[in-house]
There are 2 protein chains.
Amino acid sequence: MRTTTARAYPNIALVKYWGKADEELILPAAGSLSLTLDHFETTTTVVPAPEAATDVLELDGSLADPGQTNRISVFLDHVRELAGREDRVLVRSRNSVPTGAGLASSASGFAALATAAAAAFDLDLDARELSRLARRGSGSACRSIAAGMAVWHAGDDESSFAESVDAPDMRMIIVTVNRARKAVSSREAMRLTAETSPFYSGWVSSTEDYLEQMVAACSAEDFTRIGEITESHALRMHGLIQSTVPPIRFLNPTSHAIFDAVAEAREHGIKAYSTADAGPNVAVIVRPSDAEALAERLSGFGDVRVVGPGPGAHLLTAADEVPPAAGTSAGEGSHA
Amino acid sequence: MRTTTARAYPNIALVKYWGKADEELILPAAGSLSLTLDHFETTTTVVPAPEAATDVLELDGSLADPGQTNRISVFLDHVRELAGREDRVLVRSRNSVPTGAGLASSASGFAALATAAAAAFDLDLDARELSRLARRGSGSACRSIAAGMAVWHAGDDESSFAESVDAPDMRMIIVTVNRARKAVSSREAMRLTAETSPFYSGWVSSTEDYLEQMVAACSAEDFTRIGEITESHALRMHGLIQSTVPPIRFLNPTSHAIFDAVAEAREHGIKAYSTADAGPNVAVIVRPSDAEALAERLSGFGDVRVVGPGPGAHLLTAADEVPPAAGTSAGEGSHA
């Protein structure tokens, strides 16, 4: 075993993942497609701690709470099983976006952890196996293993992984309208949807249709069609979520105003299309040449960042190690 | 035959009507329930015009356009068929809300026309038959025949009518946020939903469940449950409509802000629940004692009116006749 560091980036789905076919294996009810970004990365160092009784997680310079630590420990059990080892580890992770702000850090987090932990345990996994492993931590993490546009095949445990597909170059404008922690977690909302929404079965079957159309549009470099599917599928997901009992609304009035502003920009010749995950932030895809002008136009709605397609999860050198949290000594996780 | 005048009021559905089982007979895919209001009435006078070659419609003091005239003429054919007569008529109608502003005038319009025309043609129809007749003009018009809370049974041509049900007293706060004519008509949006939404079959089957629960809640005078179903079903309908291809969003950012403000009022102990039809206006049901305070609270969002349960469609005396449009002579419909 060795100390390793890996980096991964969040992804924003253009064909959404919402609903599991298997909670334990984290198999999705339908396939999805997303853009891995070049901003908001998570960097994670895994330090072998063979003497420790439990895994320890330091998150953004502080010891994590027991719930978070338990979640990564359960994930690390999969890695230990693959490696045939029992060793505990110290995980030091640093996010460049606020946790829970709507830009999920769980995807970049588990993609980076899977990549670092697999190397720390000397596992020789290819990209597909790494994607399957990351999936066990958080479904959408399997997509952050792959660079740029990535399709996640639904499948079974063996065949449920993500891989990059060809797509036209594009930019994404992330409009952060609210950094408050959301009231309902994605995980809980997803469960509630499957249990209470009369729209759920229609959602699942139609998502597979959309995914097929989307992969074809990506391959044909048809940006307009990619955009239409993106916006339509996002509104459909929020319509679905709004149909739960009790209803959940993740979009707020500002989110809707951004969707309106983007639709208006289209009327002025800027091809741009909106999407939103389980929170009020809006992500807008646009051709590279239109990105700055549209970002300026949307800057009144919140904090605006223009991002592009980013790399898949990858290992870094020792120079990039996440430093120990203040007040802890590496490998022990003792704290004040 | 004789000249007759009738009045009817709009209704706002608490269990929504969205989707037809039969376009020709206007049979709904599922039952619905609404509150007939005591404001925003339509008053309609029907004048026999046995010498005229076509029906003539004067709407709010002007000759109507050919599309509107044709729609009432097709409806009047049903009345003529019931009466076994061929006579054309002059219809003079006056609305107290702007046409197409989201508070549908088609329900009050066809309820008033059905009531006036049936009397003009000396038909002896009971409330149930009148409701069935009004339905042929516009589905939701069958509910405006009935006073207060009314359930519209889905059924077949014979059994598809609305009738009043017992319910606790309540007020409705209508917040008019936008008087602009909407881009997509209800009729067109409803058709598009049935044709393109993967959620449609789930919507239809779950609406019948909700209607059953709603009628029970009305009978039990359980205002909280009535409110929960109302808001949940409204959000579900807009979620459904948002899932069409292309997506349709009737609610605007202000509509969503009103839903939020009403949810916040609930946290402060005011039991109130939002709904919205195929437009951005929001209607909020509330107990009578809370109505004025909540209306004050919502007055920043648009024009606010507190209304209550209103009467069913009814005949008026000759004193209430709608006067002829300026520049026309009754019975001829000539115009400058």
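This is a predicted model: local features need pLDDT of at least 70, side-chain atom pairs count only at pLDDT 80 or more; totals for chains, interfaces and linings use all residues.
Biologist: Take strand E14 (residues 282-286) of chain B. How many of its residues are buried?

Modeller: The cut-off for buried is under 20% relative accessible area. By that rule 5 of the 5 residues of E14(B) are buried, so the strand is largely enclosed by the rest of the structure.

Biologist: Which residues of E14(B) lie on one side and which on the other?

Modeller: In a regular strand, side chains alternate between the two faces of the sheet. In E14(B), Val282(B), Val284(B) and Val286(B) are on one side, while Ala283(B) and Ile285(B) are on the other. Both faces are covered.

Biologist: How many bridges join E14(B) to strand E12 (residues 171-176) of chain B, and how many to strand E13 (residues 272-275) of chain B?

Modeller: E12(B) and E14(B) run antiparallel and are joined by 5 bridges. Within that pair, Arg171(B) stands opposite Val286(B). E13(B) and E14(B) also run antiparallel, with 4 bridges, and there Thr275(B) faces Ala283(B) as its opposite residue. A hairpin through 6 residues connects E13(B) to E14(B).

Biologist: Now chain A. What is the strand order in its open sheet of 6 strands?

Modeller: The order is E8-E7-E9-E6-E1-E16 in chain A, and the pairing is mixed. Its edge strands are strand E8 (62-63) and strand E16 (314-316) of chain A, each pairing on one side only. Strand E7 (residues 56-59) of chain A pairs with E8(A) in the antiparallel sense over 2 bridges, and Glu58(A) stands opposite Leu63(A) in E8(A). Helix H2 (residues 105-120) of chain A packs on this sheet, touching strand E1 (4-8), strand E6 (42-48), strand E9 (89-95) and E16 of chain A. The direction of H2(A) makes about 150° with that of E1(A).

Biologist: Next, a single residue. Is Trp152(A) buried or exposed?

Modeller: Accessibility decides this. Trp152(A) has 0% relative accessibility and therefore counts as buried. Trp152(A) belongs to strand E10 (residues 149-152) of chain A. Its C-alpha atom is separated by 10.0 Å from that of Arg132(A), which is 20 residues apart from Trp152(A) along the chain.

Biologist: How should I read helix packing? At what angle do helix H8 (residues 253-267) and helix H9 (residues 291-298) of chain B pack?

Modeller: Read the angle, the distance and then the contacts. H8(B) and H9(B) pack at about 140°, with their axes 11 Å apart; they are therefore oblique to each other. The crossing is right-handed. Ile258(B), Ala261(B), Val262(B), Glu264(B) and Ala265(B) in H8(B) meet Leu294(B), Arg297(B) and Leu298(B) in H9(B). These contact residues divide into 6 nonpolar, no polar and 2 charged.

Biologist: Where do helix H2 (residues 105-120) and helix H3 (residues 127-137) of chain B meet?

Modeller: Their axes come within 8 Å and cross at roughly 125°, and the two helices are therefore oblique to each other. H2(B) passes H3(B) in a right-handed crossing. On the H2(B) side are Phe110(B), Ala111(B), Ala114(B), Thr115(B) and Ala118(B); they meet Leu130(B), Leu133(B), Ala134(B) and Gly137(B) in H3(B). The residues of this contact comprise 7 nonpolar, 2 polar and no charged.

Technical notes:
Residues are numbered from 1 along each chain as its sequence is written. Chains are lettered from A and ligands numbered from 1 in the order in which they are written. Side-chain values use heavy atoms; hydrogens and water are left out. Axes are lines fitted to C-alpha atoms, for helices over the stretch in contact, and angles run from 0 to 180 degrees between N-to-C directions. Angles under 35 degrees count as roughly parallel, over 145 as roughly antiparallel, 65 to 115 as roughly perpendicular and the rest as oblique. A crossing is left-handed if the near helix is turned anticlockwise from the far one by less than a right angle, and right-handed if clockwise. Contact means heavy atoms within 4.5 Å. Ala, Val, Leu, Ile, Met, Phe, Trp, Tyr, Cys and Pro count as nonpolar, Asp, Glu, Lys and Arg as charged, and the others, Gly among them, as polar. Two strands pair if DSSP finds at least two bridges between them. Buried means under 20% relative accessible area, exposed over 50%, partly exposed in between (1.4 Å probe, protein chains only).
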